[in-house]
Amino acid sequence: VNSSIWNQEVKLQKILSLLASGITAFARSVYGVPLSDDQQDALALLCNTHFEINCYRKNAIRPTLNPKFAGLCKANVQPPNYLFGEDLPKQVKDLDNEAKAVGLIHAPSTSRALAF
């Protein structure tokens with residue numbers, strides 16, 4: 001990963017850490033108490049902000065990846081604990097196998113056309 005992307009990544013990780021700490025503190029402060037509509041909205045917005053920043057991080061990293069691994073950067077409906085999911089080696093292997101399979105399907109034909 002190039003240095004400008006890495007520097008941005010470190011900064012975003014710090015922001016996410018602070019955001020997660022704020023979400024946790026808010027959740028603990030209202031634990032066991034029914035949430036008002038405004039509190040539910042605030043919590044949903046904070047959690048969505050966390051999700052969107054992770055999507056931004058993936059999109060920033062995507063151009064530096066080998067194109068066959070770009071699928072790692074898709075937005076997940078269910079956010080994982082880690083940026084690229086729980087089992088990155090398995091995902092990389094699956095994408096590599098998929099790229100090989102697609103390459104076989106799209107491989108140019110080696111037969112020559114008959115000249116007339």
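At 38% relative accessibility, Cys 47 counts as partly exposed, a label for anything between buried (under 20% relative accessible area) and exposed (over 50%), worked out with a 1.4 Å probe on protein chains only. Everything here comes from a predicted model, where local features need pLDDT of at least 70 and side-chain atom pairs count only at pLDDT 80 or more, while totals for chains, interfaces and linings use all residues. Residues are numbered from 1 along each chain as its sequence is written, and side-chain values use heavy atoms, with hydrogens and water left out.

**The overall layout**

- The protein chain has three helices and zero strands; helices (H or I, at least four residues) and strands (E, at least two) are DSSP runs, numbered from the N terminus.
- Reading along the sequence, you get the pattern α-α-α.
- The protein chain has 116 residues, and 19% of them count as buried.
- Take the contacts (heavy atoms within 4.5 Å) between residues at least 6 apart in sequence: 58% of them join residues at least 24 apart.

- On helix 1, the buried residues are Ile 5, Glu 9, Leu 12, Leu 16, Leu 19 and Ile 23.
- An α-helix has 3.6 residues a turn, so residues three or four places apart point the same way.
- On helix 2, the buried residues are Ile 53, Asn 54, Cys 55, Arg 57, Lys 58, Ala 60 and Ile 61.
- The cover goes both ways: helix 2 is part of what covers the buried residues of helix 1, and helix 1 (3-29) is part of what covers those of helix 2.
- Ala 44 also lies in helix 2, but at 44% relative accessibility Ala 44 counts as partly exposed.
- Ala 44 and Ile 23 are 21 residues apart along the chain, with 9.7 Å between their C-alpha atoms.

**The nonpolar core**

- Which residues make up the largest nonpolar core? They are Leu 12, Leu 16, Leu 19, Ile 23 and Ile 53, five in all.
- Helix 1 gives the most to this core, with four residues.
- To be in a nonpolar core, residues must be buried Ala, Val, Leu, Ile, Met, Phe, Trp, Tyr or Cys, joined through side-chain atoms within 4.5 Å.
- Leaving aside residues up to four places away in sequence, Leu 16 touches His 50, Ile 53, Asn 54 and Arg 57.

**Arg 57 and its partners**

- You'll find Arg 57 in helix 2 (residues 37-61), and at 9% relative accessibility Arg 57 counts as buried.
- There is one salt bridge in the count, meaning a side-chain nitrogen of Lys or Arg within 4 Å of a carboxyl oxygen of Asp or Glu.
- Glu 9 and Arg 57 form a salt bridge, with their closest N and O atoms 2.4 Å apart.
- Glu 9 sits in helix 1 and Arg 57 in helix 2, so this pair ties together parts that are 48 residues apart in sequence.
- Are Glu 9 and Arg 57 buried or exposed? Both are buried.
- The side chain of Arg 57 also makes a polar contact of 2.6 Å with the side chain of Asn 54; a polar contact is a pair of N or O atoms within 3.5 Å where, within protein, one must be able to donate a hydrogen and the other to accept it, and residues adjacent in sequence count only if both atoms are side-chain atoms.

- Not counting residues up to four places away in sequence, Phe 69 touches Val 92, Leu 95 and Asp 96.
- Phe 69 and Glu 98 are 29 residues apart in sequence, yet 9.9 Å apart in space, C-alpha to C-alpha.
- Cys 73 lies in the loop between helix 2 and helix 3 as well, and at 3% relative accessibility Cys 73 counts as buried.
- From Cys 73 to Pro 63, 10 residues apart along the chain, the C-alpha separation is 9.9 Å.

**Cysteines**

- How many disulfides does the structure hold? It holds zero, a disulfide being a pair of cysteine sulfur atoms within 2.5 Å.
- Cys 55 counts as buried, at 13% relative accessibility.
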